[in-house]
Amino acid sequence: MAISASDKVRVGIIGCGGIANGKHMPSLRNIANVEMVAFCDIIVEKAEKAAKDFGTPDAKVYENYKELLEDKSIDVVHVCTPNRAHSFITVDALEAGKHVMCEKPMAINSEEAMKMLDAAKRTGKKLTIGYQNRQNSPAQYMKAEADKGTFGDMYLGTAHAIRRRAVPTWGVFLNEYEQGGGPLIDIGTHALDLTLWTMNNYKPKYAVGTTYHKLNDQVNSANAWGDWDPAQFTVEDSAFGFVVMENGATIRVESSWALNVAESREACCTIAGTLGGADYHGGLRLNGVRDGRQYTTQIDFGSGGVAFFDGNPNEDSGTKEARQWIRAVMDDKDPCVLPEQALCVTRILEAIYKSAETGDIVFLNK
């Protein structure tokens, strides 16, 4: 049921750490129809600070998320916890009658992600996953070109998530138990989502993958956030995948927090089709053949707008994500990121990890 435009969407935040403070809460504060009325964290001081910085005057603070879910006045919950907790908190929130925005990735494995999808279907509540990079202007433009056939049959995609030296040294990023992996599940997930979405292809056939622990034990690393502790850095530093889709298309996945390359390239993709292609990294380029000549066109996002873009071009991607999500809740429409799409991302990531562990091809369409 849609929510009246005159009403406020009441939001509860579960997990008040880095991603909540860096994206979710600042973005929701920019949406006129939103009130953040409840905050929960196992470190209660974090929830108290979040309530003070972003909440309504009467916002409530919780240490146990189940107590937050008992508040029937809350319409929407944002799950911003470490990856391992995504599934069970999301399922409980859906069962409690809340719409849920869960931070990426959907879950640590496909079994847990499927529980989330099943709960959304069972309860009729909306579920979306925080792939905000879809809201970037280059991604939106590239998607629109793909949908209208500019690239023809898209048979090759590359998901780029490469950092030269930017290992996150805070929180639980290096904790495999809590996160389910390293750069592949952390930033590779964004690039893979963009690639699948642009190609509109969610039917993987099989995957092959490799993971590396080549730089974990190095010191004096020149890391962007200071040297990592080799004893704590137990997840992979790099992971790479080769995915074949049911229609024969190929998707390559490259992810690393630390790799000896001259240039980083993150949260973007390259597409090649029968009629043309595109890539973006600091700008969007379209390429093809016209009148017997090759062409490359650089798209200028510094001026003007495009018909398919909805919102303020100067807004950050997190605010755009929050705006379309809240609108979907209020208008009772599908959000941009469907849970079925996010489940496909998780299935492929899981297959790449499994292939790296076993050395075998992993089939996904059985």
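# Questions on a predicted chain

Visitor: What is the relative accessible area of N200?
Guide: N200 counts as exposed. Exposed means over 50% relative accessible area, buried means under 20% and partly exposed lies in between (1.4 Å probe, protein chains only). The relative accessible area of N200 is 55%.

Visitor: What kind of model is this?
Guide: Residues are numbered from 1 along each chain as its sequence is written, and side-chain values use heavy atoms, with hydrogens and water left out. Local features need pLDDT of at least 70 and side-chain atom pairs count only at pLDDT 80 or more, while totals for chains, interfaces and linings use all residues, because the model is predicted.

Visitor: Where does N200 lie, and near what value is its phi?
Guide: N200 is found in the loop between α8 (183–199) and β8. Helices (H or I, at least four residues) and strands (E, at least two) are DSSP runs, numbered from the N terminus. N200 is a residue other than glycine with a positive phi, near 50°.

Visitor: How many helices and strands does the chain have, and what is its radius of gyration?
Guide: The chain has ten helices and 15 strands. The globule rule, 2.2 Å times the number of residues to the power 0.38, goes with a radius of gyration taken over C-alpha atoms. For 366 residues that rule gives 21 Å, and the chain is as compact as a globular protein of that length because its own radius of gyration is close to this, at 21 Å.

Visitor: What percentage of the contacts with a separation of 6 or more joins residues 24 or more positions apart?
Guide: A contact means heavy atoms within 4.5 Å. Among contacts with a separation of 6 or more, the share from residues 24 or more positions apart is 72%.

Visitor: What percentage of the residues in the chain is buried?
Guide: The C-alpha trace spans about 65 × 50 × 40 Å along its principal axes. Of the 366 residues in the chain, the buried ones make up 54%.

Visitor: Which residues make up the cluster that ring pairs link?
Guide: The structure holds eight aromatic pairs. The rings of W170 and F173 have centres 5.5 Å apart and planes at 75°, so they are edge-to-face. Rings of Phe, Tyr and Trp (its six-membered ring) pair if their centres lie within 6.5 Å, with planes under 30 degrees apart stacked, over 60 edge-to-face and the rest tilted. The cluster linked by ring pairs consists of W170, F173 and W225.

Visitor: How many residues apart in sequence are the parts that the pair of W170 and W225 ties together?
Guide: W170 and W225 are edge-to-face, with 4.9 Å centre to centre and 85° between the planes. W170 lies in the loop between β7 (154–162) and α7 (176–179) and W225 in the loop between β8 (204–212) and β9 (238–245), so the pair ties together parts whose separation in sequence is 55 residues.

Visitor: What are the relative accessible areas of W170 and W225?
Guide: Both residues count as partly exposed. The value for W170 is 40%, and that for W225 is 41%.

Visitor: Is S221 buried or exposed, and which residues outside its sequence neighbourhood does it contact?
Guide: S221 lies in the loop between β8 and β9. With a relative accessible area of 6%, S221 is buried. Leaving aside neighbours within four places in sequence, its contacts are R165, D227 and W228.

Visitor: Near what value is phi of A222?
Guide: A222 is also in the loop between β8 and β9, and it counts as exposed at 67% relative accessibility. Phi of A222 is positive, in a residue other than glycine, and lies near 60°.

Visitor: Near what value is omega of the peptide bond from K104 to P105?
Guide: P105 is in the loop between β5 (99–103) and α5 (110–123). The bond from K104 to P105 is cis, with omega near -15°.

Visitor: How far apart in space are L127 and V91, C-alpha to C-alpha?
Guide: L127 lies in strand β6 (residues 127–130) and is buried at a relative accessible area of 3%. Beyond neighbours within four places in sequence, its contacts include T90, L94, V100 and P335. L127 and V91 are 36 residues apart in sequence, and their C-alpha distance is 9.9 Å.

Visitor: Which residues does D7 contact beyond its neighbours within four places in sequence?
Guide: D7 lies in the segment before β1 (9–14) and is partly exposed at 37% relative accessibility. With those neighbours left aside, the contacts of D7 are N33 and M330.
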